[in-house]
Amino acid sequence: MSVPTFSGGDADADLVVVGSGVVGALIADQIIGSGRSVLVLEAGPRLDRAQVVENWRDMSFERRVSSDYQGLYPQSPFATAPLNFPPNDYVHLTGKDGGSFSQGYIRAVGGTTWHWAASCWRHLRVDFRMRSTYGVGRDWPITYDDLEPYYCRAEEAMGVSGPNDPARQSPSNRSRPYASDMIPWAYGDTRFAEVVNPHGYRSVPIPQGRTVQPWNGRPACCGNNNCQPICPIGAMYNAVHTVQAAERKGAVVLAESVVYAIDTDANNRVTAVRWYDRERKSHRATGRAFVIACNALETPRLLLIAANAQNPQGIANRSDQVGRNLMDHSGFHCTFLANEPLWLGRGPAQSSCLVGPRDGEFRSQYSANKMILNNISRVGPATQQALKLGLTGTKLKEEIRRRAIHGVDLSISLEPLPESHNRVTLSESRRDGLGLACPDVHYELNDYVHRGYDAAVQQLQHIGSLFGAIEFNVTTALNANNHMMGSTIMGSDPRDSVVDRDCRAHDHANLWLPGGGPMTSASVVNSTLTMAALGLRTADVVQRMLEHA
Amino acid sequence: MHRSESTATISRRIILRLLPAGAFFLLGPAMLRGLENGAPATADADYMRLCSLLTGFSNLDPEIGARLYAAFVHLSPTAAQAFTRLTPIALQARDDVALMAAARDAGLGDTALALVAAWYTGTVGSGIHAEPVSYAEALMYRTVGDGLAPPTYAFGGPAWWAAPPPNADVSAPITQHAATLPLELESARVRS
């Protein structure tokens, strides 16, 4: 077993990984498994699941019903993450659609897989060819077929259950079946699909990182309906599972270790990163290969903060594209009361999704969408609504039950295009606990998204009519989905992209920036599986490089 | 969950009679000092009758009742007096409708509804000063307890949710409230 060496507080490893989320963890686990030493530097703390569950239960009703998925997670004073109750303005938002980019992400060992819903979607084949096919956005320098084996490996690494019936897959271009068949649907998913599918909306099972039988040391999902913001039993895939696997093999993971500088040599290879420990002492980690996987907001922030004499615009930023082309699935919600009970809230938080509007010729004109049938219990919103009616006693009880079991919440995602003006920059005035610049985000969506919104609203009105919907409401302000992408965009031309087809920085032969940042198109589906697949593809390249070093 | 800097007075009798002996110590020293200040006496059983009539549940947990009360008093200097006035009204009322009518006549309608909201949501107040009191015991969960567990709790073993849900036992929604209900009830939602 190869392990990092430490001397006077400094470290040396074959591979140094910055960030312990799903991407960093998968790479660390593979490289330590190949016999190379691995050091992982994580800015945030280690978390105790039971404490986080208690923190959630101890939050006020208002915060829980408003989906405050950030406030329950303890933060390091030296690694701030966004907070919303009240807002901490860590990420300052500007631009016409800045308000739609209020991201929730976690800086801790395991990253934001602590509060994802574990939806594990693949991009479609055409999503890699948006410019060639529809004349919008960019093409990736790799194809679906290049990534397909890694999608399979990511699904296996994360223990994904998905539909093995090709007619219910999106997409069905698969070289291997899912490790486990689809998570069984609850009545609400089944009935919703029965009603909408004859009209082309194509409700299909969501592939998800959980299983209904014990899997690889993970318990079976027991439908605690709290995937977001915290699975109470650890049945949902969390990068912590992979971190722990890597640690058992000898990887060293240092929490509360904030990387702030990157050293380069005459050939612009990275020689070391420097980090602050929890006492604010600086240390240096040398290595042969370096991976930065801090999410598509923190990675460009670090690259910009780490500008050095040789790279005055920031690390990996000769193209001036670091931080640009920032994307997130622009979201909105449609709520209504159906004319029949659907009993949403039984089972995991998301199990079915309408993918009919995911692709079509219209994508040359406006955004595709997908509509998740949220399966988070409607009891909270039902209670909020019933209380506003001023009811008491038996009438109140009945009204809450009526609204809870008839209530529907669809979460709709739209596809933004990569645009250079949407970007992360460094604040000139706001500093974090270490004195490092906080991130600013400027965000203005193209009409491509807004036209996609209009098309989706028409579809939703039709869907509502199929259920005799009352109190039909569509939110008008777009919301964030925490699927940050594009800010270290992948391309074959170093002049207009940050990383190459292997997620390697064009400017630095031994630096990789895998994850959401390289994603060249957003599609409309949750980005994690694509990020994980890119991470595993990077791991293969890093492994080969280390074998030949 | 109680804050330690309480300066409000609370009803000695409610707290002393409703709390089990062990739970008493959970109130903390500041809360106990509050007790010593004295407050208008309100019979514990009478307060619980008020709560039962308003909520429609007869088997309420008196410890939660006492903690909700303490949170109200902590958050508002006039809460104790309002509850003291409201409680005897409940003794005269035949049902919750009559109680609410009498409470409104006495200018206590909002107090009564706030008490209902606290029992159903488990939280007193809103915003950053809100005081969470109960989670799984919040009455909202009882309204669907035959088909849904409070989130974080399991209702059964793996894949329990594939079984059919219980009967609705309520009528389908009707449109009468639609016009009066704010459309944007969930504007604060930010997550998919």
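Trainee: How many bridges join S4(A) to strand S17 of chain A, and do the two run parallel or antiparallel?

Mentor: Two strands count as paired when at least two bridges link them. In this predicted model, S4(A) and S17(A), residues 437-442, are joined by three bridges and run parallel. Look for A:His92, which stands opposite A:Asp440 in S17(A).

Trainee: Which strands form the sheet, and in what order?

Mentor: Read the order across the sheet. It is S4-S17-S16 in chain A, three strands in an open sheet with mixed pairing. The edge strands are S4, residues 92-94, and S16, residues 423-431; each pairs on one side only. From one strand to the next, the twist averages 35°.

Trainee: Which helix packs on the sheet, and which strands does it touch?

Mentor: Helix H8 of chain A, residues 298-305, packs there and touches S16 and S17 of chain A. The direction of H8(A) makes about 65° with that of S16(A).

Trainee: Now to strand S12 of chain A. How many of its residues are buried?

Mentor: Buried here means under 20% relative accessible area. S12(A) spans residues 330-337, and eight of its eight residues are buried.

Trainee: Which residues of S12(A) lie on one side, and which on the other?

Mentor: In a regular strand, side chains alternate between the two faces of the sheet. On one side of S12(A) are A:Ser330, A:Phe332, A:Cys334 and A:Phe336. On the other are A:Gly331, A:His333, A:Thr335 and A:Leu337. Both faces are covered.

Trainee: In what sense does S12(A) pair with strand S15 of chain A, and over how many bridges?

Mentor: The sense is antiparallel, over eight bridges, with S15(A) covering residues 407-414. One pair to find is A:Phe336 with A:Val408 in S15(A). S12(A) also runs antiparallel to S18(A), residues 470-474, with three bridges between them. There, A:Leu337 has A:Ile470 as its bridge partner.

Trainee: Let us turn to cavities. How many of 30 Å³ or more does the whole structure hold?

Mentor: A cavity is space where a 1.4 Å probe fits but cannot get out. The search finds five of 30 Å³ or more.

Trainee: What lines the second largest cavity?

Mentor: Its lining has 22 residues; nearest the centre lie A:Trp56, A:Arg64, A:Val65, A:Ile376 and A:Ser377. By kind, the lining divides into eleven nonpolar, seven polar and four charged residues.

Trainee: Which helices each supply at least two residues of that lining?

Mentor: Check both chains. Chain A gives H3 (61-65) and H9 (379-388), and chain B gives H9 (139-142).

Notes: Residues are numbered from 1 along each chain as its sequence is written. Chains are lettered from A and ligands numbered from 1 in the order in which they are written. This is a predicted model: local features need pLDDT of at least 70, side-chain atom pairs count only at pLDDT 80 or more; totals for chains, interfaces and linings use all residues. Side-chain values use heavy atoms; hydrogens and water are left out. On a 1 Å grid over the protein atoms alone, a cavity is a set of points where a 1.4 Å probe fits but cannot get out, and a pocket is an open set with protein on both sides within 12 Å along at least five of seven lines; lining residues have an atom within 4 Å of a point. Grid points are joined across faces, edges and corners, and a volume is the space filled by probe spheres set on the points. Helices (H or I, at least four residues) and strands (E, at least two) are DSSP runs, numbered from the N terminus. Ala, Val, Leu, Ile, Met, Phe, Trp, Tyr, Cys and Pro count as nonpolar, Asp, Glu, Lys and Arg as charged, and the others, Gly among them, as polar. Axes are lines fitted to C-alpha atoms, for helices over the stretch in contact, and angles run from 0 to 180 degrees between N-to-C directions. Contact means heavy atoms within 4.5 Å. Buried means under 20% relative accessible area, exposed over 50%, partly exposed in between (1.4 Å probe, protein chains only).
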